[in-house]
Structures are given as structure tokens and as C-alpha cells.
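Please follow the explanation below with the sequence and the model side by side. It moves from individual pairs of residues to the chain as a whole.

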Amino acid sequence: VQLQASGGGLVKAGGSLRLSCVASGRPVSGLAAGWFRQAPGKEREFVIGISQNGGSTKIKDSVKGRFTIFRDNAKNTVNLQMNSLKPEDTAVYFCAANSIVRSTGYVYNGVSNYDYWGQGTLVTVSS
């Protein structure tokens, strides 16, 4: 599975962005997926994820109510809709996926839980 993320850019605080992660080699409907981010000087952190069966999502507290994750099976993408962006959301965002999971309904939030990673896309939120 190969992942390619896109959609990052510069946006003012309060604005919105949609990140897209295109998967090749496997339908996204068969993948557990997540988005992580890494700010300068900080470790990569989990932001939001979706279970393999699509029935469950898990969201970092600081982005609840602002970020959503959804799959577009027709385009074979996993997308991150980000609204009401804040300067502290500034980071490189990475999509991740895994095709072999213990539970199809569980959302994995650890870096080590994912085998496939996109290249990262930079999101900069200005104040």
C-alpha cells in the first residue's frame, strides 16, 4: 500500500482545510486509517483515526468538534476536514494506514500501529 497526502497550505486562524490521502494498492474500505501530525521540535502525535470497518472514530481532545475523518471509496481516499483552525494546529500532517488489524472496529492511535505512511503535508495556521 502506498499513501500520498495532499491539501496542506497556509490558512488564517478560523479557516478550513481539507487534507486528502490517496491510497494505491488496496481499497481504503479495507484499511484502518489515521492522521498524525508533527510540529517542529515535537514528537509525532495522533490526531484522528477511523476503524477498518468504518464504524468507529477516535479524535484527539484538542481537535474535537473541529476535525473529522471520512473515506471516499470512489476516489480511494481518506480525508481530514479541518475547521476553525488555530495556530497550534500548525504541523506537518501524515496519513497512515494498516490492513492487518486485530479488531475491525477498533481505532488505533499509536505510531507503531500503522505500517503504511504518506509523505506528510504542511499545514500552517497564521494568527
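Gln 2 stands opposite Ser 24, a residue of strand β3. This pair belongs to the contact between β1 and β3 (residues 17-24), which are joined in the antiparallel sense by five bridges. Strands here are DSSP runs of E with at least two residues, numbered from the N terminus, and two strands are said to pair if DSSP finds at least two bridges between them. The model is a predicted one, in which local features need pLDDT of at least 70 and side-chain atom pairs count only at pLDDT 80 or more, whereas totals for chains, interfaces and linings use all residues. Residues are numbered from 1 along each chain as its sequence is written, and side-chain values use heavy atoms, with hydrogens and water left out.

The sheet that contains β1 is open and has four strands, in the order β1-β3-β8-β7, with antiparallel pairing. β1 (2-6) and β7 (67-72) are its edges; each has a single partner strand, so one side of each has no neighbour in the sheet. On average, neighbouring strands of this sheet are turned by 20 degrees against each other, direction ignored; the axes behind this angle are lines fitted to C-alpha atoms.

Further along the sheet, β3 and β8 pair in the antiparallel sense over six bridges. Within this pairing, Arg 18 has Gln 81 of β8 as its bridge partner. The side chains of these two residues also make a polar contact at 2.7 Å, a polar contact being a pair of N or O atoms within 3.5 Å; within protein, one atom must be able to donate a hydrogen and the other to accept it, and residues adjacent in sequence count only if both atoms are side-chain atoms.

Is Gln 81 buried or exposed? Its relative accessibility is 14%, so Gln 81 counts as buried; buried means under 20% relative accessible area, exposed over 50%, and partly exposed in between (1.4 Å probe, protein chains only). Beyond its neighbours within four places in sequence, Gln 81 is in contact with residues including Ser 16, Leu 17, Phe 67 and Phe 70, where contact means heavy atoms within 4.5 Å.

The loop between β7 and β8 holds Asn 76. Most residues other than glycine have a negative phi. Asn 76, however, has a positive phi near 55 degrees, and at 17% relative accessibility it counts as buried. Ser 84, in the loop between β8 and β9 (91-98), also is not a glycine and has a positive phi of about 50 degrees. With 40% relative accessibility, Ser 84 counts as partly exposed.

The view can now widen to the entire chain. Its secondary structure comprises zero helices and 11 strands. The radius of gyration, taken over C-alpha atoms, is 13 Å, close to the 14 Å that the globule rule (2.2 Å times the number of residues to the power 0.38) gives for 127 residues, so the chain is as compact as a globular protein of that length. Along the principal axes, the C-alpha atoms fill a box of roughly 40 × 25 × 25 Å. Of the 127 residues, 45% count as buried. Among contacts between residues at least 6 apart in sequence, 60% join residues at least 24 apart.

Note on methods: Axes fitted to C-alpha atoms, helices over the stretch in contact; angles between N-to-C directions.
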